[in-house]
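Here is a short briefing to read alongside the model. Take a moment with the fold, then follow the topics below.

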Amino acid sequence: MNKFSIKNMNLYYGDFHALKNININIPENEITALIGPSGCGKSTLLKSLNRMNDLIEGCKIYGKILLDDEDIYAENFDVTLLRKRVGMVFQKPNPFPMSIYDNVAYGPRTHGIKNKSKLDEIVEKSLKSAAIWDEVKDDLNKNALRISGGQQQRICIARALAVKPEVLLMDEPTSALDPISTAKIEDLIQELKKNYTIIIVTHNMQQAARVSDKTAFLLNGELIEFGSTIDIFSVPKDKRTEDYITGRFG
C-alpha cells in the first residue's frame with residue numbers, strides 16, 4: 001500500500017524550476033531513501049511532503065501529492081494536522097533549550113494534552129521508541145543542549161514520535177554525527193519502520209544501501225530512477241546513476 005503518491009509534481013522557486021514532473025509512489029512501512037548530488041532537489045522534495053516549502057516566499061507547486069489518497073495541497077487540507085501526521089527530523093540536531101522531558105512533551109502539550117501522568121507515559125514511550133530511555137531516564141530534567149550530539153538527535157526523534165505521526169521525514173539525520181552515533185541512528189531507523197513510513201535524504205550511498213528498502217535518485221530536479229534499493233545499487237539504470245553511485249558527482 002502506498003503512503004504517499006506524487007503525481008506530475010512541479011515545483012518553482014520564483015522562475016527557477018526546482019522539481020520537474022515528479023511521479024513516485026512511496027510505500028507504507030518501508031524506508032525510502034532520496035539520493036543525488038547537492039542541489040538536485042532531494043531536500044526540496046522531502047519538505048514538500050509536510051508543506052514546509054509553504055514557508056518559502058515565491059514557492060509554487062503544481063500537480064498532486066496524496067497522503068492516503070488525500071491531496072495535501074487541496075484548499076481545505078489542514079496543514080497543522082498534516083505536520084502532526086508527518087513528522088520531521090533535521091540534519092543538525094535541534095533540541096529546544098529546555099529539559100529532555102519538556103522537549104519530548106512539547107508537541108503533546110501543543111496539541112492539548114496537559115495531564116501529567118499522560119505526559120509522563122508519552123515521554124517514556126517516545127524515549128523508549130527512540131532507543132534512548134535507558135541513557136536519560138535518570139536525567140529527564142537535564143537541559144537537552146548538554147548531552148552529546150548523537151543523544152540530541154535521538155531526543156529530536158523522540159520529540160517527533162511523541163505526537164504519534166504516521167510518517168517520519170529525515171533530512172540527512174546522521175551527517176553531523178560520529179560513526180558510533182550514526183550506527184545507533186541507523187539501527188533505530190530500521191526498528192522504527194515497523195510502525196512508521198520513513199523517508200530519508202542522504203548523501204551517503206553506503207547508508208542508503210544499508211537502511212533503505214526503496215531508493216529514488218534525483219538529478220537536476222528530475223527523478224532519474226526509483227525502485228528497490230538492491231536493484232538500483234546492483235544494476236545502475238544508466239551512466240548518470242552509475243557515476244553518482246561510484247562517487248563522481250560527490
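Two strands pair if DSSP finds at least two bridges between them; helices (H or I, at least four residues) and strands (E, at least two) are DSSP runs numbered from the N terminus. This is a predicted model, in which local features need pLDDT of at least 70, side-chain atom pairs count only at pLDDT 80 or more, and totals for chains, interfaces and linings use all residues. Residues are numbered from 1 along each chain as its sequence is written, and side-chain values use heavy atoms, with hydrogens and water left out.

**Strands**

- An open sheet of 4 strands runs in the order E2-E1-E4-E5, with antiparallel pairing.
- Its edges are E2 (16-27) and E5 (70-71), each of which pairs on one side only.
- Within this sheet, E1 (residues 2-13) and E4 (residues 59-67) are joined by 8 bridges, and Lys7 stands opposite Lys64 in E4.
- Elsewhere, E6 pairs with E7 (residues 167-171) in the parallel sense over 4 bridges, with Val86 opposite Val167.
- In E6 (residues 86-89), Val86 and Met88 point one way while Gly87 and Val89 point the other, and all are buried (buried means under 20% relative accessible area, exposed over 50%, partly exposed in between, with a 1.4 Å probe and protein chains only).

**Helix H7**

- Buried residues of H7 are Ser181, Thr182, Ile185, Glu186, Leu188, Ile189 and Leu192.
- They share one side of H7 because they cover an arc of only 160° around the axis, taken from the directions from the helix axis to the C-beta atoms.
- Pro179, Ile180 and Asp187 are exposed on the face turned away from that buried side.
- Among the elements covering the buried residues are E3 (31-35), H4 (116-129) and E7, where contact means heavy atoms within 4.5 Å.

**Salt bridges**

- The structure holds 15 salt bridges, each a side-chain nitrogen of Lys or Arg within 4 Å of a carboxyl oxygen of Asp or Glu.
- Asp68 and Lys3 form one of them, with the closest N and O atoms 2.9 Å apart; the pair links the loop between E4 and E5 to strand E1, 65 residues apart.
- Lys3 also meets Glu166 at 2.7 Å, N to O, and this pair is 163 residues apart, with Glu166 in the loop between H6 and E7.
- Lys3 counts as buried because its relative accessibility is 5%, whereas Glu166, at 29%, counts as partly exposed.
- Glu70 and Arg85 meet at 3.6 Å, N to O; they lie in E5 and H2 (residues 79-85), 15 residues apart.
- Salt bridges that share partners join Lys3, Glu28, Asp68, Glu70, Arg85 and Glu166 into one network.
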